[in-house]
There are 2 protein chains.
Amino acid sequence: MPIATAPNPLPLASAGIEPLSEVEVEVIGVFVNAVKILGMPKSVGEIYGLLFIAPEPMPLDALVARLNISKGSASQGLKLLRAFGAVKLVYSPGDRRDHFAAETDLKKLAAGFIREEIGPHLDSGAERLERLRELSGGVNTEQGDFFRERIGKLAHWHARSRSVMPLISGMLD
Amino acid sequence: MPIATAPNPLPLASAGIEPLSEVEVEVIGVFVNAVKILGMPKSVGEIYGLLFIAPEPMPLDALVARLNISKGSASQGLKLLRAFGAVKLVYSPGDRRDHFAAETDLKKLAAGFIREEIGPHLDSGAERLERLRELSGGVNTEQGDFFRERIGKLAHWHARSRSVMPLISGMLD
DNA sequence: CAGTTTGTTCATTTTTTCTTGAACGGAATG
DNA sequence: CATTCCGTTCAAGAAAAAATGAACAAACTG
């Protein structure tokens, strides 16, 4: 009647599942951090971090096993990362599984983020501005003039953001 | 037995509490949106939005009344907004209450955001990088070389971000 | 000074977001 | 073809973040 003799706290499912090394843990930490600033889920940072520090492309199940996350999270996270080009699909001969590698060109990463995350918001902002012009056009008091002045400032901000955003990725080589 | 005769859905507490106008609602919407991109709570966007479109500085209770938010949220939101200079404290003669006004200089807003939100993260990133160098220094395999190469890339990203951030606010006039 | 008024803090509740895991579809395999 | 293998989707549960409101401190008032 062997009681509590397990040598491993979380017995790594027998097969070749290396626990994360110190370096890996720290690198992943950097990206989990970074990704939270950008308003993305932790799991996305974990996935990108591990791929970033991995010498070889990895399949989904390796990520699941080494990061201890669910298949669902891994799938969603990879989908998101691929959407703005932070992760590339790599063909691996003689293996049915998809393999993934981190894109490590900062310029591309920034461009992808701006395109996917900022762009749509700027677009919807343009629509809102249009609607706002119409609304304020119908206000005929002194207040109306003030409204229009402020909305003009908003429009100016919007135009500036539009033109500055693309320049940023250009500044990162 | 009067049933459901209330003319106002939410009876505005008798005193001079104007409901938000269409224009105000729309402007606030713009900022609620914007603020979520930056990872801040909705209430912060509401507060800044109302101040932005208000011709005169407002005291805290006016924000609470017109936005239908709690005193706690308003206080916290204003604190945050003041911290990076998006809201100014304005002296109002003959009134004990603090009055607040929106700072509408985009350059200042960006500078404040970078200083308060990005800066600290870049600082902690520098520490992590240092620790990472130490860790990877102790890895004497072929893998170690790869680690150090990637960490070098990380360091490069870090340096670039540091130098680019301040330039951004300069590009917004 | 006793009583207000004003604003902050913080434990609790509410809301939102993330993760999980089971179910499914499709592609490769034998 | 029946079966196994991969990856996706999505409803439900767990975790994280934000809003609330009551208690408090400080500053003003009469």
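Q: Which element gives the most to the surface near DNA strand D, and with how many residues?
A: In this predicted model, the elements that give two or more residues to the surface near DNA strand D include helix H3 (60-67) and H4 of chain A. Chain B takes part in that surface through helix H2 (42-53) and H4. The most is given by H4(A), with 6 residues.

Q: Which residues come nearest to DNA strand D?
A: There are 21 residues around DNA strand D. By class they divide into 5 nonpolar, 7 polar and 9 charged. Those that come nearest are Gly72(A), Ser75(A), Asp98(A), Pro41(B) and Gly72(B).

Q: Which element supplies the largest share of the surface near DNA strand C?
A: Around DNA strand C there are 21 residues, of which Pro41(A), Ser43(A), Gly72(A), Ser75(B) and Asp98(B) come nearest. Two or more residues each come from helix H2 (42-53) and helix H4 (71-83) of chain A, and from helix H3 (60-67) and helix H4 (71-83) of chain B. The largest share amounts to 6 residues and belongs to H4(B).

Q: How many charged residues does the surface near DNA strand C have?
A: The surface near DNA strand C has 5 nonpolar and 7 polar residues. The charged class on this surface numbers 9.

Q: How many helices and strands does chain A have, and in what order do the elements run?
A: Chain A has 6 helices and 3 strands. Read from the N terminus on, the order of its elements is α-α-β-α-α-β-β-α-α.

Q: Which element supplies the largest share of the side of chain A that touches chain B?
A: The contact takes 34 residues from chain A and 34 residues from chain B. On the chain A side, at least two residues each are supplied by helix H1 (22-37), H2, helix H5 (106-137) and helix H6 (142-171). The largest share is 11 residues, and the element that supplies it is H6(A).

Q: How do the residues of the side of chain A that touches chain B divide by class?
A: Chain A gives 34 residues to its contact with chain B. They divide into 19 nonpolar, 8 polar and 7 charged.

Q: What is the orientation of H6(A) and H6(B) to each other?
A: H6(A) and helix H6 (residues 142-171) of chain B have their axes 11 Å apart and pack at an angle of about 155°. An angle over 145 degrees counts as roughly antiparallel. The two helices H6(A) and H6(B) are therefore roughly antiparallel.

Q: Which residues of H6(B) meet H6(A), and how many in the contact are nonpolar?
A: The crossing of H6(A) and H6(B) is right-handed. From H6(A), Val164(A), Ile168(A) and Met171(A) meet Val164(B), Ile168(B) and Met171(B) in H6(B). The contact of H6(A) with H6(B) has no polar and no charged residues, and its nonpolar residues number 6.

Q: What is the orientation of H3(A) to H4(A)?
A: H3(A) and H4(A) pack with their axes 9 Å apart, at an angle of about 120°. H3(A) passes H4(A) in a right-handed crossing. Because of that angle, the orientation of H3(A) and H4(A) is oblique.

Q: How do the residues of the contact of H1(A) with H2(A) divide by class?
A: The axes of H1(A) and H2(A) come within 7 Å and cross at roughly 135°, which makes H1(A) oblique to H2(A). Among the contact residues are Val27(A), Phe31(A) and Val35(A) of H1(A), and Tyr48(A), Leu50(A) and Phe52(A) of H2(A). The division is 13 nonpolar, 2 polar and 4 charged.

Terms used:
Residues numbered from 1 in each chain as written. Chains lettered and ligands numbered in written order. Predicted model: local features only at pLDDT ≥ 70, side-chain atom pairs only at ≥ 80, totals over all residues. Near = placed C-beta within 6 Å. Helix = DSSP H or I, 4+ residues; strand = E, 2+ residues; numbered from the N terminus. Nonpolar A, V, L, I, M, F, W, Y, C, P; charged D, E, K, R; others polar. Contact = placed C-beta atoms within 7 Å. Axes fitted to C-alpha atoms, helices over the stretch in contact; angles between N-to-C directions. Parallel < 35°, antiparallel > 145°, perpendicular 65-115°, else oblique. Left-handed = near helix turned anticlockwise from the far one by under 90°.
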